[in-house]
Amino acid sequence: MKSVDVAVIGGGILGCFAARNLMRWNLSVVLIEKELDICTGITRANSAIVYAGYDNKTGSRKAELTVRGNASFDDLCRELEVPFSRCGSLLVTYDKESLAQLRRKWEQGIRNGVPGLELLTGGEAEAMEPMLAPGVAGALYAPTTGTVNPWQLGIAAFENAAANEMEPMLGTTVVGIRKTKFGYLVETDRSELRCRAVINCAGLSADRIQELCFPSDTHLLIDGAEYLVLDKQARKPKRVIFQQAQSCGKGITAIPCVEGNLLLSGVRKPVGEPFATTKEGISELKTSAVSLFPNLNMQQVIRSFAAARPNPQRDDGESIHDFSIEYPAPGFFSLIGIKTPGLTCANELGRYLAEKTAAFLDAHPNPRFTPHRQAIAKTNDPEIICLCEGISRGEILEAIRRGASTVDGVKRRVGSGMGVCQGSRCSFAIEQILREVRHGAL
Ligand SMILES: Cc1cc2nc3c(=O)[nH]c(=O)nc-3n(C[C@H](O)[C@H](O)[C@H](O)COP(=O)(O)OP(=O)(O)OC[C@H]3O[C@@H](n4cnc5c(N)ncnc54)[C@H](O)[C@@H]3O)c2cc1C
């Protein structure tokens with residue numbers, strides 16, 4: 001039976017960053033993911049915002065990690081060669097009654113240590129973002145807000161962890177965990193694994209994973225959000241625009257993505273089928289978007305998608321607003337229901353968990369750890385497979401070499417299929433390349 005120091009359960013962005021940070025220590029680490037690829041859960045569908053940190057209650061773990069996580073994003077993305085845009089954000093309101101709320105957020109942000117926050121008049125906000133419908137009552141400007149591609153960041157952390165000798169176990173589902181005298185016995189659908197510590201980053205299933213071994217009084221209620229993606233050619237705001245919810249309706253968020261698309265996110269909805277959109281939700285989102293940006297051309301919508309969000313609750317019904325990290329027994333760490341801003345804080349949470357685990361296992365720093373990872377480079381290959389995004393066969397082969405086993409996995413590594421045709425012209429050719437690689441023809 002295989003024995004390791006640490007088993008990380010879940011290959012979303014949190015598991016990938018936990019694994020990456022564990023490799024800074026002289027520990028043997030496996031990452032167990034039930035899907036054949038990583039970052040296909042919550043990490044695959046979210047708002048892609050690197051939050052500034054004014055939204056979180058002063059003194060909370062969220063407030064501290066968000067401000068620190070945000071400040072370290074330039075260095076992190078440089079190390080992992082992931083595009084990051086520090087575009088800034090405006091929280092706008094059209095309702096004079098909400099101005100006091102904006103002021104409270106500004107005060108909270110100052111207490112949290114968020115740099116550069118400014119309260120703006122409606123006129124100042126409209127001058128900064130001329131696409132906004134006239135009549136803005138006021139805005140909160142946060143210059144440190146940014147955007148990043150969440151799955152690219154997670155994949156980069158995973159590749160870096162693997163380059164530092166973390167062992168991935170993909171397509172492997174954890175089905176049981178037992179406490180033993182040497183640590184834990186993790187039972188998967190393929191084999192059993194002995195480990196000294198467990199880090200549970202199982203996203204929507206994190207509460208159930210903990211209950212395989214320990215009781216938990218925290219459970220996840222799942223709701224969702226819906227999104228629209230507009231073509232790169234669409235007019236878009238320069239900054240992330242958060243619309244303050246007001247008496248006459250709930251606000252939306254507009255995100256200028258690092259790839260150049262505009263992402264629109266609506267309000268939360270009860271989840272029927274996780275990750276499925278609803279006709280009503282999409283139609284409400286379109287109406288709200290046009291009332292916030294009257295010149296937005298909704299003919300330029302190229303895609304819609306839905307996201308599932310785990311909301312942690314105590315058994316007595318109390319909602320948990322801060323990050324919930326449980327330690328039910330020595331050497332067992334559970335992240336239960338890490339929602340927004342989990343992307344912003346992924347590296348900080350990973351570092352925190354790794355330090356706790358290293359202290360528990362009495363580990364020493366790993367002198368061979370290298371934090372750098374190289375992105376997939378543009379090649380000179382003249383054979384272009386994805387015509388919209390200009391992705392060559394060479395890039396696709398490199399994505400497959402790095403672990404992509406599906407058309408979607410290739411997309412998430414090189415951006416194929418993300419253009420205006422949404423993969424209708426290249427999916428077949430990519431499937432063909434995958435088949436050839438699988439059969440050893442390439
Ligand atoms: C709608 C929405 C919008 C958001 N927007 C933002 C934002 O703009 N900015 C921000 O900072 N944060 C945002 N967040 C938060 C952020 O996206 C999440 O905190 C983060 O993606 C959670 O990652 P994860 O690794 O916990 O979960 P996941 O990505 O879901 O990963 C968990 C993994 O565990 C695996 N797994 C589950 N059970 C098992 C098992 N039994 N065995 C093996 N593997 C298993 C799953 O397959 C999955 O891959 C948003 C969240 C949501 C829901």
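The model is predicted, so local features need pLDDT of at least 70 and side-chain atom pairs count only at pLDDT 80 or more, while totals for chains, interfaces and linings use all residues. Residues are numbered from 1 along each chain as its sequence is written, and side-chain values use heavy atoms, leaving out hydrogens and water.

Helices (H or I, at least four residues) and strands (E, at least two) are DSSP runs, numbered from the N terminus.

Next, pick Ile 177 in strand β10 (residues 174-179). Ile 177 is buried, because its relative accessible area is 5% (buried means under 20%, exposed over 50%, partly exposed in between, with a 1.4 Å probe and protein chains only).

Move on to Pro 294, in the loop between α8 (279-292) and β17. With 43% relative accessibility, Pro 294 counts as partly exposed. Show Pro 134 too: 160 residues separate this pair along the chain, and their C-alpha atoms are 9.3 Å apart.

Finish at Asp 315, in the loop between β17 (301-314) and β18 (325-329). Why does Asp 315 count as exposed? Its relative accessibility is 55%.
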